[in-house]
Amino acid sequence: MRELNVAEISSAIKELCIKANRVLPDDMCECIKCGAAAEKSPVGKGVFDDMIANLEAAKKEELPICQDTGMAVVFIELGQDVHLTGGDLNEAVNKGVHDGYVDGLLRKSVVGDPLERVNTDDNTPAVLHLSIVSGEKVKITVAPKGFGSENMSQLKMMTPAVTKEEIVDWVVGVCAQAGSNPCPPMVVGVGIGGDFEQCAYLAKKALCRSVSKRNPKPLYAELEAQMLEKINKLGIGPQGFGGTQTCLAVNIEQSATHIAGLPVSVNMGCHVTRHASCEL
Ligand code: SF4
């Protein structure tokens, strides 16, 4: 059994919070550049130019890409042959988020209670998704989630009789309702299947998949393509100023579900769909 001190997890999460907020994944940057090249509206093209300049400035000046540095969503895949030492895992995760947001001078956006609404002043607690996997590695992903886009997310409990066209149209309708609020061009994470809460988790997980990778099942890859095409025909355009590039990518994640149901969810991502990962 491999031993790993939780201090290493804190330190990795601190670095990932800072990195994810300053530098987008390479494939996301490429996707934005492709969107800029494909955009037909002159105003939309100008918005893309500003976005690209902003990404470059953030990287060079070591500043956050966006003022909303998000709620820290942390995914940990913990190998079952790892024995964690040195303290409590939850505390270690939150220490990493505290250090990342305080030392990295990132905006603190979390309130400790949804109704009392007092800022915790260090962006804790994180939203932690922990899964136990085989092996003796620990994979950590930090995905800071801005709420301009998060607020535009939806979930619908559909029936098994629903057609694929109806699923596509519902997802496109969610994007139409969102309009300019999620700071388009969007990245749309879609969850299909599971139960109520797993379906929402699938959509969040979909946002952490590379925007250049299509679903390995042709059935779902085809749905991703159809959704992307239809969302881009909405004409919302970059930052809602109109244009042909409303959506950069649609990522679907699916899972087994009950014979009586078909949950579908959309987790909306913005043009700053961030995540950074490492393996310990
Ligand atoms: S939705 Fe995204 S780009 Fe818009 S303010 Fe929030 S984090 Fe920033």
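Q: How many cavities of 30 Å³ or more does the structure hold?
A: Two. This is a predicted model, so local features need pLDDT of at least 70 and side-chain atom pairs count only at pLDDT 80 or more, while totals for chains, interfaces and linings use all residues. Residues are numbered from 1 along each chain as its sequence is written, and side-chain values use heavy atoms, with hydrogens and water left out.

Q: What counts as a cavity, and what as a pocket?
A: Both come from a 1 Å grid over the protein atoms alone. A cavity is a set of points where a 1.4 Å probe fits but cannot get out. A pocket is an open set with protein on both sides within 12 Å along at least five of seven lines. Lining residues have an atom within 4 Å of a point.

Q: What is the volume of the largest cavity?
A: About 100 Å³. A volume is the space filled by probe spheres set on the points, and grid points are joined across faces, edges and corners.

Q: Which residues lie nearest the centre of the largest cavity?
A: P144, K145, L207, T273 and R274, out of 14 lining residues. The elements giving two or more residues to that lining are β5 and α7. β5 gives the most, with three residues. Helices (H or I, at least four residues) and strands (E, at least two) are DSSP runs, numbered from the N terminus.

Q: And the classes in that lining?
A: Six nonpolar, five polar and three charged. Ala, Val, Leu, Ile, Met, Phe, Trp, Tyr, Cys and Pro count as nonpolar; Asp, Glu, Lys and Arg count as charged; the others, Gly among them, count as polar.

Q: What about the second largest cavity: which residues line it?
A: P25, D27, M28, V187, L207, R209, V211, T273 and H275. Its volume is about 40 Å³. The lining divides into five nonpolar, two polar and two charged residues.

Q: Now pockets. How much space lies in the largest one?
A: About 510 Å³. The largest pocket is lined by 23 residues, with K139, T141, C208, H275 and S277 nearest its centre. Elements giving two or more residues to this lining are β2 (71-79), β4 (127-133), β5 (138-145), α7 (196-207) and β10 (276-279).

Q: How do the residues of that lining divide by class?
A: Nine nonpolar, six polar and eight charged. The lining draws at least three residues from each of domain 1 (2-20 + 65-145) and domain 2 (148-273). Those bounds come from an automatic or database domain assignment.

Q: Switching to the ligand. Which residues are around it?
A: C66, Q67, D68, G146, G148, S149, C183, C270, H271, V272 and R274. A residue is near a molecule if one of its heavy atoms lies within 4 Å of it. By class, the shell has four nonpolar, five polar and two charged residues.

Q: Where does the ligand lie relative to the domains?
A: Between domain 1 and domain 2, because both give residues to the shell around the ligand.

Q: Sheets next. What's the strand order in the one with β7?
A: β6-β9-β7-β8, an open sheet with mixed pairing. β6 (154-158) and β8 (247-257) stand at the edges with a single partner strand each, so one side of each has no neighbour in the sheet. The twist averages 15° from one strand to the next. Axes are lines fitted to C-alpha atoms, for helices over the stretch in contact, and angles run from 0 to 180 degrees between N-to-C directions.

Q: How many bridges do β7 and β8 pair over?
A: Nine, in the parallel sense. Two strands pair if DSSP finds at least two bridges between them. G189 has N251 in β8 as its bridge partner.

Q: And the sheet with β5: what order there?
A: β4-β2-β5-β10, also open and mixed. β4 and β10 are the edge strands, each with a single partner, so one side of each is left without a neighbour in the sheet. β2 and β4 pair in the parallel sense over seven bridges. I76 is bridged to L130 in β4.

Q: What is the phi of L105?
A: Near 55°, a positive value in a residue other than glycine. L105 is in the loop between α4 and β4. Most residues other than glycine have a negative phi, and most peptide bonds are trans.
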